[in-house]
Amino acid sequence: MAVRIIRLGSQRVEGEGTRIGTVRRPPRGVPKTEFASQNWYDVWFPNLAPSVETMKLGRQAKTPSQWAKFIKKYRAEMGTPENSHAIELLAVLSRQCNFSVGCYCEDEMRCHRSVLRELLAAAGARVV
C-alpha cells in the first residue's frame, strides 16, 4: 500500500490505484467523461494545488531564490487546517490502499508535487 507521486496524463502503472488530480484547473479540451480514460485523473482534488497566485509564482520562477519563494508560499497554503487535514488523511490512506496524486508539470522538481511528496512523507505517508 502506498501513494505514488505522478505526472497526470502519463501511462498508468499496475497497482497505481485511484489517480487524484491535485491541480488548480482540469485539462483543457478534454471532456470530463474522458479524464480517467485518458490517464488524467479519476478524482479532482484542487485543495492540494497551489492557489492561482502561488501557481503563477512557480511558473515564473527562474532562479533558485524565486523557486524558494514559491515553495515557502505553497507550504504556507498547505499548512492551513483544511489542507493539513487533507494531507493527514492521504497519509493514513497510503498505509491502507494504493492511490496516486499528481500534476501536469513535466519536471517534478519544478512542480508543487515535489513539495507535496515531502509533506505527505512528513505526515507519515508511504510514498513511492
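## Helix α4 and its surroundings in a predicted model

In α4, the residues H112, R113, S114, V115, L116, L119 and L120 are buried. The model in which they are seen is a predicted one. These buried residues of α4 pack against β1 (3-7), α2 (64-78), α3 (81-93) and β4. Just after α4, G124 adopts a positive phi of about 95 degrees.

The protein contains 4 helices and 4 strands, and along the sequence they follow the pattern β-β-β-α-α-α-β-α. The C-alpha trace spans about 40 × 35 × 25 Å along its principal axes. A compact globule of 128 residues would have a radius of gyration near 14 Å, and the protein agrees with this because its own value is 14 Å. Of the 128 residues, 39% count as buried. Among contacts between residues at least 6 apart in sequence, 67% join residues at least 24 apart.

The accessible surface comes to about 7200 Å², and carbon and sulfur atoms account for 56% of it. The protein carries 20 positive and 12 negative charges, whose mean positions are 5 Å apart.

Several individual residues can be compared by their accessibility.

| Residue | Relative accessibility | Class |
|---|---|---|
| T54 | 0% | buried |
| H112 | 5% | buried |
| E108 | 18% | buried |
| W40 | 21% | partly exposed |
| Y104 | 25% | partly exposed |

H112 belongs to helix α4. Since buried means under 20% relative accessible area, H112 falls in that class because its value is 5%. Not counting residues up to four places away in sequence, H112 touches T22, L48, A49, P50, F70, Y74 and C103.

T54 lies in helix α1 (residues 52-60). T54 counts as buried because its relative accessibility is 0%. Leaving aside neighbours within four places in sequence, the contacts of T54 are F70, K73, Y74 and E77. Together with W67, F70 and Y74 form one aromatic cluster.

E108 is placed in the loop between β4 and α4. At 18% relative accessibility, E108 counts as buried, the cut-off being under 20%. With neighbours within four places in sequence set aside, E108 is in contact with I5, R113, S114 and R117. The C-alpha atoms of E108 and Y41 are separated by 17 Å, and the two residues are 67 residues apart along the chain.

The aromatic residues complete the description. A pair of aromatic rings is described by the distance of the centres and the angle of the planes. The count comes to 4 aromatic pairs in this protein. One of them, formed by W40 and Y104, is edge-to-face, with 5.7 Å centre to centre and 75 degrees between the planes. This pair links distant parts of the chain: W40 is in the loop between β2 (18-21) and β3 (43-44), whereas Y104 is in the loop between β4 (99-103) and α4 (112-122), 64 residues apart. W40 counts as partly exposed because its relative accessibility is 21%, and Y104 is likewise partly exposed at 25%.

Notes. Residues are numbered from 1 along each chain as its sequence is written. This is a predicted model: local features need pLDDT of at least 70, side-chain atom pairs count only at pLDDT 80 or more; totals for chains, interfaces and linings use all residues. Side-chain values use heavy atoms; hydrogens and water are left out. Helices (H or I, at least four residues) and strands (E, at least two) are DSSP runs, numbered from the N terminus. The radius of gyration is taken over C-alpha atoms; the globule rule is 2.2 Å times the number of residues to the power 0.38. Buried means under 20% relative accessible area, exposed over 50%, partly exposed in between (1.4 Å probe, protein chains only). Contact means heavy atoms within 4.5 Å. Accessible areas come from the Shrake-Rupley method with a 1.4 Å probe; for residues, only the protein chains shown count as cover. Lys and Arg count as positive and Asp and Glu as negative; His and the chain ends are not counted. The place of a charge is taken as NZ of Lys, CZ of Arg, CG of Asp or CD of Glu. Rings of Phe, Tyr and Trp (its six-membered ring) pair if their centres lie within 6.5 Å; planes under 30 degrees apart count as stacked, over 60 as edge-to-face and the rest as tilted.
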